[in-house]
Amino acid sequence: MSEPLIKTQDLRVEFPIGGGVFNRRVMTAVDGVSLEIPKGSFFGVVGESGSGKTTLGRALLNAVPIASGSAHYDDGELQLDLANMSPKELKAYRRRAQLIFQDPYAALSPRMTVRDIIAEPIEIMKLTKSRAETDDRVREIAAKCRLNLEHLRRFPHAFSGGQRQRISIARALACGPQFVVADEAVAALDVSIQADILNLLKSLQRDLGLTFMFISHDLSVVAHTCDHVAVMYRGKIVESAPTRELFANPRHAYTQKLLSAIPSLEIAD
Ligand SMILES: Nc1ncnc2c1ncn2[C@@H]1O[C@H](COP(=O)(O)OP(=O)(O)OP(=O)(O)O)[C@@H](O)[C@H]1O
Ligand SMILES: [Mg+2]
């Protein structure tokens, strides 16, 4: 197995749930997670609704505070303690770690052209020196995401769900991240389009050498696409193994239950 890009130890995320000043009450959404996401992997996180998948992904993207435990990032060039970053480190990490949302309708501003949607993160991070350079970069990433370049001048409402998800993916990849969290990235799409988007994500991962954390409640999608699977249950990772191993020999009762709910599975190589 290759070196981990992300490594956590006993990671905990808590949310306040009312109570007064003196009896602060919290719910633990991520409850002592220790995991390693190998560099260049398509790492699946699966589990029922409310098990903490999104919260774990958001903690690794520094979008929710880490209550305790550790999380480290190491891409060979940059090493970060994700629980404790300076503003400068945070800025560097923002470029390297990105999120692809579930809902391609909500994620895209209706008043921006596709070109501007993809260009925005490049401009915010000041990665280019001129508009022409930004345009080149937008066209390059749009082509990689198999978007028709003629469509860059249009607005997102003109597109189908699958094409919108391609636009979201292009935006997420615009600033050249290393780590991408895809949170239920195909759940809102028709089954016929899901395979297209999954194939696109896999080919982008291979071509660009990305590391994906692929969050899904759908075990069959995970079995088809991920090379490693972590199963979450009530805030904990109850099992984590290479996909084939996990499906051939599920150890935890919850994983066995998840598996038995699916009649037959074809597993990715
Ligand atoms: N901002 C928040 N404030 C309070 N509680 C939250 C917040 N976000 C999540 N939670 C709670 O944390 C727990 C884990 O939620 P999370 O969204 O991470 O689960 P999930 O596995 O992604 O579920 P789903 O499959 O439905 O997306 C849930 O009990 C949820 O209600
Ligand atoms: Mg979720």
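A polar side-chain atom of S49 sits 2.5 Å from an oxygen atom of ligand 1, a polar contact in the sense of a pair of N or O atoms within 3.5 Å, where within protein one must be able to donate a hydrogen and the other to accept it, and residues adjacent in sequence count only if both atoms are side-chain atoms. The model is predicted, with local features needing pLDDT of at least 70 and side-chain atom pairs counting only at pLDDT 80 or more, while totals for chains, interfaces and linings use all residues. Residues are numbered from 1 along each chain as its sequence is written, chains are lettered from A and ligands numbered from 1 in the order in which they are written, and side-chain values use heavy atoms, with hydrogens and water left out.

**The ligand site**

| Residue | Protein atom | Distance to an oxygen atom of ligand 1 |
|---|---|---|
| S49 | polar side-chain atom | 2.5 Å |
| G50 | polar backbone atom | 2.8 Å |
| G52 | backbone N or O atom | 3.0 Å |

On its own, ligand 1 has 640 Å² of accessible area, of which the protein covers 60%; such areas come from the Shrake-Rupley method with a 1.4 Å probe, and for residues only the protein chains shown count as cover. The shell around ligand 1 consists of F15, M27, A29, E48, S49, G50, S51, G52, K53, T54 and T55, a residue being near a molecule or strand if one of its heavy atoms lies within 4 Å of it. By class, the shell holds three nonpolar, six polar and two charged residues, where Ala, Val, Leu, Ile, Met, Phe, Trp, Tyr, Cys and Pro count as nonpolar, Asp, Glu, Lys and Arg as charged, and the others, Gly among them, as polar.

Strand β2 (26-38) and helix α1 (53-60) each supply at least two residues of this shell, and the largest share, three residues, comes from α1. Helices (H or I, at least four residues) and strands (E, at least two) are DSSP runs, numbered from the N terminus.

**Cysteines and a buried histidine**

The protein has zero disulfides, a disulfide being a pair of cysteine sulfur atoms within 2.5 Å. The sulfur of C175 is too far for a bond, because the closest cysteine sulfur, in C145, is 12 Å away; for C226 the closest is likewise in C145, at 18 Å, again too far for a bond. C175 counts as buried at 0% relative accessibility, and C226 counts as buried at 2%, where buried means under 20% relative accessible area, exposed over 50%, and partly exposed in between (1.4 Å probe, protein chains only).

H228, found in strand β9 (residues 228-233), is also buried, with a relative accessibility of 9%, and its side chain reaches the backbone nitrogen of A241 at 3.4 Å.

**Exposed loop residues**

Most residues other than glycine have a negative phi. K126, in the loop between α3 (114-124) and α4 (131-144), has a positive phi near 50° and is exposed at 71% relative accessible area. R234, in the loop between β9 and β10 (236-242), has a positive phi of about 50° although it is not a glycine, and is exposed at 61%.

**Confidence**

The average pLDDT of the protein is 91, and 96% of the residues score at least 70, pLDDT being the predictor's confidence in each residue, from 0 to 100.
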